[in-house]
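Here is a short report on strands and aromatic rings. Look at the structure first, then read on.

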Amino acid sequence: MNSHNIAVIIIFCNPSTDDIIHARNMAATWNGVIVDNSVTPFTTQEYIGNMRYMCNHTNVGIAEAQNIGIKTVLKDKETTHIVFLDQDSRVPNDYPETITAEFMRIRKDEHRLVMLGPTVYNKTTQQEYKSAVHRYASRSNGFSPRQQIISSGSCTIASAFEQVGLMNKELFVDYVDFEWCWRAIAKGFVCGITSASSISHQVGKRELCIGKYKVIVSAPFRYFYQYRNYLWLCRLKYVPKHWKLSFGIKLFARLIYFPIIVKDGFKCWKYMTKGIISGLKPMKHSQEDNTNHLFF
């Protein structure tokens with residue numbers, strides 16, 4: 001695999017000094033783009049190492065930022081694989097090469113593989129993130145099919161976006177990666193994770209233990225998008241019914257116990273209710289609109 005065939009997309013929003021240093025290290029080796037949703041750019045340079053730097057001067061959401069990155073890297077016809085990174089994900093400098101090699105290895109068996117993610121570990125506890133509801137089996141090649149994976153650390157084939165479409169910018173932030181996977185699977189593709197690659201990542205701001213269960217607590221404003229997007233996604237036929245049911249139960253329960261036992265729980269609850277009200281209204285555009293306007 002030629003490194004010029006791999007493009008790395010890093011999404012920024014008010015990055016820390018350490019986030020910037022990590023991105024600079026990546027950019028010293030890899031081509032790609034850093035898309036910054038900050039109001040103020042951290043540099044006036046158009047390129048950071050080998051990667052283009054693009055500041056939106058406002059938060060357009062992770063979905064639209066990823067779309068900007070995707071369109072940018074696909075202008076280079078040598079690009080065959082894309083690796084996504086969040087600003088706070090920490091990976092070794094050779095990670096884009098190793099996850100791409102894994103993608104190519106597993107795709108020999110899984111010919112419809114469209115997105116491969118690493119095994120994700122909590123950056124603080126170093127424990128693997130696992131669903132409390134679903135259990136997934138790994139195959140002998142270390143591949144575990146999943147109906148949804150997080151985008152950070154994932155690798156996809158460049159041609160996927162022509163067939164599946166771009167990220168759904170209407171979702172803005174939450175479940176963007178999930179929705180793309182579900183849409184891909186509905187079109188006959190396969191998504192999953194590999195045990196051969198891993199990253200440290202922080203989902204949410206902190207964790208709350210309730211008995212044997214761990215609840216991820218996000219910043220209060222995120223609950224607006226979680227509840228609104230859930231109601232939007234429930235209208236889509238290709239979204240798995242078991243996710244609609246299991247996640248609906250979680251969201252309903254949080255409406256009850258968050259104001260009581262979670263720090264800033266009432267503030268979260270207010271965002272939840274605003275999200276519900278907004279979610280009762282339909283999305284402005286169907287996702288099919290994103291499929292046909294990619295190739296410029």
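Six bridges join strand β1 to strand β5 (residues 81-86), and the two run parallel. Across this pairing, Ala-7 stands opposite Ile-82 in β5. The model is a predicted one.

Strand β1 also pairs with β2. This pairing is parallel too, over six bridges. Here Val-8 stands opposite Gly-32 in β2. Together, β1, helix α1 (residues 17-27) and β2 make a right-handed β-α-β unit.

How many of the seven residues of β1 are buried? Seven of the seven are, so the strand is largely enclosed by the rest of the structure. Ile-6, Val-8, Ile-10 and Phe-12 point one way from β1. Ala-7, Ile-9 and Ile-11 point the other way.

Now the rings. A search of the whole structure finds 16 aromatic pairs. One of them is Phe-12 with Phe-42, a tilted pair with 5.8 Å centre to centre and 55 degrees between the planes. Phe-12 lies in β1 (residues 6-12) and Phe-42 in the loop between β2 (31-36) and β3 (47-48), so the pair ties together parts that are 30 residues apart in sequence. Phe-12 is buried, with a relative accessible area of 1%. Phe-42 counts as partly exposed, at 25% relative accessibility.

Elsewhere, ring pairs link Tyr-175, Phe-178, Trp-182, Tyr-230, Trp-243 and Phe-247 into a cluster.

Charged side chains also sit over rings:

| Charged residue | Ring | Distance from ring centre |
|---|---|---|
| Arg-112 | Phe-189 | 4.1 Å |
| Lys-274 | Tyr-271 | 5.5 Å |

How values were computed
Residues numbered from 1 in each chain as written. Predicted model: local features only at pLDDT ≥ 70, side-chain atom pairs only at ≥ 80, totals over all residues. Heavy atoms only, no water. Phe/Tyr/Trp six-rings, centres within 6.5 Å; stacked < 30°, edge-to-face > 60°. Helix = DSSP H or I, 4+ residues; strand = E, 2+ residues; numbered from the N terminus. Buried < 20%, exposed > 50% of the residue type's maximum accessible area, 1.4 Å probe, protein only. Lys NZ or Arg CZ within 6 Å of the ring centre and 35° of its normal. Pairing = 2+ DSSP bridges. Right-handed = clockwise from strand over helix to strand, strands pointing away.
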